[in-house]
Amino acid sequence: MDAAIAVLPGDGIGSEVTAEGVRALEAIAAKFGHSFRFESALLGGAAIDATGEALPAATLAVCERADAVLLGAVGGPKWSDPNAAVRPEQGLLGLRKALGLFANLRPVVPHPAVLDASPIKAELLHGVDIMVVRELTGGIYFGEKRRTAAEATDVCRYSVLEIERVVRLAAELARARRRKLTSVDKANVLETSRLWRSIVERILPAEFPEVQFEHMLVDSAAMHLLKRPRDFDVIVTENMFGDILTDEASMLVGSLGLLPSASLGAKGRGGLFEPIHGSAPDIAGRGIANPYATILSAAMLLRYSLHLETEARALEAAVSAAVVSGALPADLSAPGATPVTTRAAGDAVLAAI
Ligand code: IPM
Ligand code: MN
């Protein structure tokens with residue numbers, strides 16, 4: 001297969017981890033006889049420095065003509081003045097919106113070889129396999145924002161259509177997995193959540209009778225995720241709850257450095273693939289960041305955008321083999337052990353491919 005892949009390193013450790021993602025994709029292409037063309041573009045702080053905009057038109061054009069986008073991370077102290085007119089994060093949010101990527105899939109699957117990296121008891125982690133589906137282009141992230149000297153407002157708004165499409169996508173995933181869907185909301189307080197709940201109740205029994213579903217309030221979900229993580233299969237939730245719950249869920253896996261994500265739009269269109277972690281300015285440029293979340297995001301790119309399931313599994317197996325071989329970056333290595341560099345972790349994946 002011939003495919004065009006846009007690469008947006010972004011800021012901080014973004015360039016270090018996407019470099020390993022690209023190397024892994026090149027190795028998969030060589031092994032399976034595909035041809036991937038990579039085109040890089042600026043996003044976030046790097047784009048602000050070069051052009052004054054967080055999402056330059058040239059970057060959006062590169063993404064629109066690509067079959068898929070591999071992204072590192074955006075942001076950093078250099079651009080985090082709360083009064084700044086342009087922020088790196090606007091580039092990422094603008095890109096998700098412009099590409100129509102309404103569903104963000106964040107798989108949470110602890111690796112048996114590094115259960116010790118999690119602050120949660122290992123006995124609770126065996127068999128945990130959760131897919132969080134976070135709504136990505138609506139809610140409080142995208143509602144009207146206002147600020148005066150005396151107050152500030154962020155509007156949380158959801159349309160029926162926005163809720164229906166992400167609930168359907170999550171239910172389809174659940175149907176192909178263990179057929180259980182947990183819809184997380186705050187229906188005891190928020191009107192948007194009450195609408196969300198009513199839509200889940202309409203769609204699930206009518207269109208997905210084989211999928212068992214439940215509602216859970218977000219505060220309670222935050223607790224149950226740590227208390228009985230094995231009970232979850234697919235979780236579907238609105239934008240900000242999904243953002244927060246997935247950082248929490250990363251602790252089940254032991255490190256943000258192991259959590260990939262796929263952002264998808266309407267069927268058949270390209271997607272955006274990025275680790276859920278940030279740009280980690282504190283360790284940027286030192287070659288010690290964990291590239292596995294980005295390489296696993298590249299595997300999701302193979303699966304969801306290029307429909308290369310065998311290749312996706314091969315890459316996931318290679319990351320797993322690298323972890324089992326003990327190639328652990330600083331965020332995963334045991335106290336006293338010598339952590340591997342970003343490049344060495346990437347090398348371990350290439351060797352396993
Ligand atoms: C994420 C990040 C982003 C988000 C930030 C950088 C805007 O935290 O992808 O989870 O909140 O969506
Ligand atoms: Mn986040």
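## Starting at Thr192

Thr192 has a relative accessible area of 16%, so this residue counts as buried (buried means under 20% relative accessible area, exposed over 50%, and partly exposed in between, with a 1.4 Å probe and protein chains only). Thr192 belongs to helix α7; helices (H or I, at least four residues) and strands (E, at least two) are DSSP runs, numbered from the N terminus. Once its neighbours within four places in sequence are set aside, Thr192 is in contact with Cys156, Arg157, Tyr158 and Ile163, where contact means heavy atoms within 4.5 Å.

Cys63, at 4% relative accessibility, counts as buried. A disulfide is a covalent bond between the sulfur atoms of two cysteines. Here a disulfide is taken as a pair of cysteine sulfur atoms within 2.5 Å, and the count by this rule comes to 0.

## How to read the model

This is a predicted model, in which local features need pLDDT of at least 70 and side-chain atom pairs count only at pLDDT 80 or more, while totals for chains, interfaces and linings use all residues. Residues are numbered from 1 along each chain as its sequence is written, chains are lettered from A and ligands numbered from 1 in the order in which they are written, and side-chain values use heavy atoms, with hydrogens and water left out.

## The chain as a whole

The secondary structure of the chain comes to 12 helices and 12 strands. Along its principal axes, the C-alpha trace spans about 50 × 50 × 45 Å. A compact globule with 353 residues would have a radius of gyration near 20 Å, and the chain agrees, with 20 Å; the radius is taken over C-alpha atoms, and the globule rule is 2.2 Å times the number of residues to the power 0.38.

Of the 353 residues, 54% count as buried. Among the contacts with a separation of 6 or more, 76% come from residues 24 or more positions apart. The accessible surface is about 14,700 Å², and carbon and sulfur atoms hold 56% of that area. These areas come from the Shrake-Rupley method with a 1.4 Å probe, and for residues only the protein chains shown count as cover.

Helix α7 covers residues 191–207, and its 17 residues should span 24 Å at 1.5 Å a residue; the end C-alpha atoms are 24 Å apart, which agrees. The expected span is 1.5 Å times one less than the number of residues. Helix α1 (residues 14–32) passes the same kind of check: its 19 residues should span 27 Å, and its end C-alpha atoms are 27 Å apart.

Which residues of α7 are buried? They are Thr192, Ser193, Trp196, Ile199, Val200, Ile203 and Leu204. Seen down the axis of α7, these buried residues fall within an arc of 120°, so they line one face of the helix; the arc is that of the directions from the helix axis to the C-beta atoms. An α-helix has 3.6 residues a turn, so residues three or four places apart point the same way. The buried residues of α7 pack against β5 (130–135), α6, β8, β9 (212–217), β10 (234–237) and α9 (239–253). On the face turned away from the buried side sit the exposed residues Glu191 and Ala206.

## Phe208 and Arg175

Phe208 lies in the loop between α7 and β9. With 3% relative accessibility, Phe208 counts as buried. Leaving aside neighbours within four places in sequence, Phe208 is in contact with Arg168, Ala171, Glu172, Arg175 and Ile203. The C-alpha atoms of Phe208 and Val132 are 18 Å apart in space, and the two residues are 76 apart in sequence.

Arg175 is part of helix α6 and counts as partly exposed, at 34% relative accessibility. Although Arg175 and Phe208 are 33 residues apart along the chain, 7.6 Å separates their C-alpha atoms. With neighbours within four places in sequence left aside, the contacts of Arg175 are Glu207, Phe208, Glu210 and Val211.

## Positive phi values

Which residue just after α1 takes a positive phi? That is Gly33, at about 75°. Arg179 has a positive phi of about 60° although it is not a glycine. Arg179 is in the loop between α6 (160–175) and β8 (180–185) and counts as partly exposed, at 44% relative accessibility.

Ala280, also not a glycine, has a positive phi near 40°. Ala280 is in the loop between β12 (271–273) and α10 (292–304), and its relative accessible area of 22% makes it partly exposed.
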